[in-house]
Amino acid sequence: MSDTSEAKPANAQSRRSAEWFARAGKYGFIPRSWMKSQGFSPEMFDGRPVIGICNTWSELTNCNRHLRDLAEHVKRGVLMAGGFPLEFPVTSLGEPLMRPTTMMFRNLVAMDVEETIRANPIDGVVLLAGCDKTTPALLMGAASCDVPSILVSGGPMLNGRYRGRELGSGTDVFKLDEDYRTGKISKADVEAAEAAMSRSAGSCMTMGTASTMALLTEAMGIGLPMNGTIPAPDSRRAVLAEQAGKRAVQLVLQDIRISAILTRAAFENAVKVAGAIGGSTNAVVHLLALAGRLGVPFTLNDWDVLGRDVPCLVDLKPSGRFLMEEFFDAGGLPVVMRRISDRLNLDAPAIEGGTIGERVAEAESWNDEVIRTVDNPLTPRGGLVVLRGNLAPDGAILKPSAASPTLMQHRGKAIVFKDADDFRARIDDPDLDVDADSVLVLQNAGPVGYPGMPEVGSMALPKKLLAQGVTDMVRVSDARMSGTAFGTVVLHVAPEAALGGPLALVRTGDIIILDTEARRIDVDLSADEFERRRQAFVPPKPAYDRGYGKLFLDHVQQADKGVDFDFLVGGSGTPPSKVSF
Ligand code: FES
Ligand code: MG
């Protein structure tokens, strides 16, 4: 038997797992005996740190389907450092399948994670995530427990390759769909492209929400260097997983909790990095919700103020040309962070020990086309714009790097769709009175309205305008949009239409004014007319009257608060619990 004394520090008895495994009598016998049925040696129960490996593996989440394998590498690292790894599943969330939208279940998974950690003999966690919502859900759950935590992303898929060109997840679907709808390509072409786009395990290899959240995990220091970019099938991803397992044990031994890493400084860095990578707009709601769990003061306005004028350096689809494999080869996020280091909190802590500044100080770029320099950015202003006005008193957002400069100051006639079904039914109607200057307005697609705030905000343009060569129009909604989408799209309007927000009062023919310079989105209506319409507002019938759907409707907060449940804000640590037998 090997000597395990190294793994037994003086404070072993004060660890959570000791409550279960170090007890005398039946309270120790039962947890140890039943766990031994899995074939664990006695020294696993000697007080070494128990590392939970929180896994979102699922065949219903293709992006995370390799996480069972990756967990084995985490375990190796945990064992190497003298810890006791125990893998457990939590509900997984796969973007392509779940209805009405994965966003409706992010908080459910966060509850699953939080309660599973708290109820079990877990001292620290390695969080295995990939597809969009799995990353924020796991971080939120761990944050409310405030245990030592490290996140390992599944990594991006290999680049899509199709007939001599590259296909980007999501982004190229929108283009292929437009080409098919306008008769430029055949059904057989579409089928071939389908198979060519998704070639391996891993998350979307564009700058979608999954890539964004994996990169921000790295930027905030709660993931290891290169966590965001190593491709899913690359052996270096397995090495990173092993290192994370090892580090998790040390985090427990040193009692470095998630709240020690995810500080205000980390959130500030995340906003700036989100601008520099041209990150998904979905990061806004996820980071707001995460900060809420940690009690970190962080608001929607921070997105605008901190992100203002951060140049977008990463030339990735949907804003640019390349895909995640090229970004990884070019040096990954440390290069980006080094290039904007004068804007970052370099003393923010990094999960491997030391600071973010130390992590990125030596980063070298191997391709300045993929990772541009500050003097030659993809777009000079990569940050998000937070808009307010009589149409969005509590805020709305717009991503300038995905928008058309010519539409950022715009005035146009509203074409209003009362919900996503109404939009789908009428958008391609040849008689729809719409032109390139019109503003498409979608109501009832917010957290309560849809429900779940789906990614329908980047409404497809009317077929007849596409045929005329129109490529962008101003669109306004209380929905989100996919990180892989693009256009001059005003999103996350709060309060939402279903709650009687001003968006609900807009009618076809009203004039909408988008003034990005002044950070405003307004509808040209007199206060009297607004009030008249407000009196006549009838809220839509709730979508659920029981079950999780009802819980969601009763407790979900608006986009400017991160769409978390009101009763989940904050944390409750891991106080000792009662035994049940
Ligand atoms: Fe899972 Fe894009 S669908 S990451
Ligand atoms: Mg997505």
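Which strands does helix α3 lie across? well, let me just show you. Helix α3, residues 67-80, lies across β1, β2, β3 and β4, and runs at about 170° to β1. Keep in mind as I talk that this is a predicted model.So what sheet is that helix sitting on? It's an open sheet of four strands, in the order β2-β1-β3-β4, with parallel pairing. Why do β2 and β4 each have one side left without a neighbour in the sheet? They stand at the edges, and each has a single partner strand, so there is nothing beside them in the sheet on that one side. For reference, β2 is residues 84-89 and β4 is residues 149-153. On average, neighbouring strands here are turned by 20° against each other, if you ignore direction.

Let's zoom in on β1, which is residues 50-55. Six bridges join β1 to β2, and the two run parallel. If you want to find the pairing on screen, look for Ile51, whose bridge partner in β2 is Pro85. Further along, Cys54 has Phe88 as its bridge partner in β2.

Now, is β1 covered or uncovered? Mostly covered: six of its six residues are buried. Val50, Gly52 and Cys54 point one way from the strand, Ile51, Ile53 and Asn55 point the other way, and all are buried.

Okay, zooming out. How is the chain divided into domains? Domain 1 is made of residues 12-158 plus 200-360, and domain 2 is residues 385-541. Their C-alpha centres lie 34 Å apart. Where the two touch, 22 residues come from domain 1 and 23 residues from domain 2.

On the domain 1 side of that contact, three helices each supply at least two residues: α8 (209-219), α12 (282-294) and α13 (300-307). The largest share comes from α13, with four residues. And by class, that side of domain 1 has 10 nonpolar residues, 11 polar and one charged.

Which faces of β13 are covered and uncovered? In β13, residues 511-515, Ile512 and Leu514 make up the covered face, while Ile511, Ile513 and Asp515 make up the uncovered one.

β13 pairs with β9, residues 409-417, in the antiparallel sense over five bridges. One pair to look for there is Gly412, which has Ile512 as its bridge partner in β13. β13 also pairs with β14, residues 520-523, again in the antiparallel sense, this time over four bridges. In that pairing, Leu514 stands opposite Ile521. The hairpin of β13 and β14 has four residues between the strands, and in it Arg519 takes a positive phi near 60°.

Last, two single residues. Pro454 is in the loop between β10 (439-442) and α18 (463-467). Is Pro454 buried or exposed? Buried, because it has 22 other C-beta atoms within 10 Å, and the cut-off for buried is 20 or more. Leaving out residues up to four places away in sequence, Pro454 touches Pro100, Thr101, Met103, Ala445, Ala479 and Arg480. Pro454 and Trp57 are 397 residues apart along the chain, and their C-alpha atoms are separated by 23 Å.

Then there's Arg181, found in helix α6, residues 171-181. Arg181 and Ala479 are 298 residues apart in sequence and 24 Å apart in space, C-alpha to C-alpha.

Conventions. Residues are numbered from 1 along each chain as its sequence is written. Chains are lettered from A and ligands numbered from 1 in the order in which they are written. This is a predicted model: local features need pLDDT of at least 70, side-chain atom pairs count only at pLDDT 80 or more; totals for chains, interfaces and linings use all residues. Domain bounds come from an automatic or database domain assignment. Two residues are in contact if their C-beta atoms, placed from the backbone, lie within 7 Å. Ala, Val, Leu, Ile, Met, Phe, Trp, Tyr, Cys and Pro count as nonpolar, Asp, Glu, Lys and Arg as charged, and the others, Gly among them, as polar. Two strands pair if DSSP finds at least two bridges between them. Axes are lines fitted to C-alpha atoms, for helices over the stretch in contact, and angles run from 0 to 180 degrees between N-to-C directions. A residue is buried if 20 or more other C-beta atoms lie within 10 Å of its own, exposed if 12 or fewer, and partly exposed in between; C-beta atoms are placed from the backbone.
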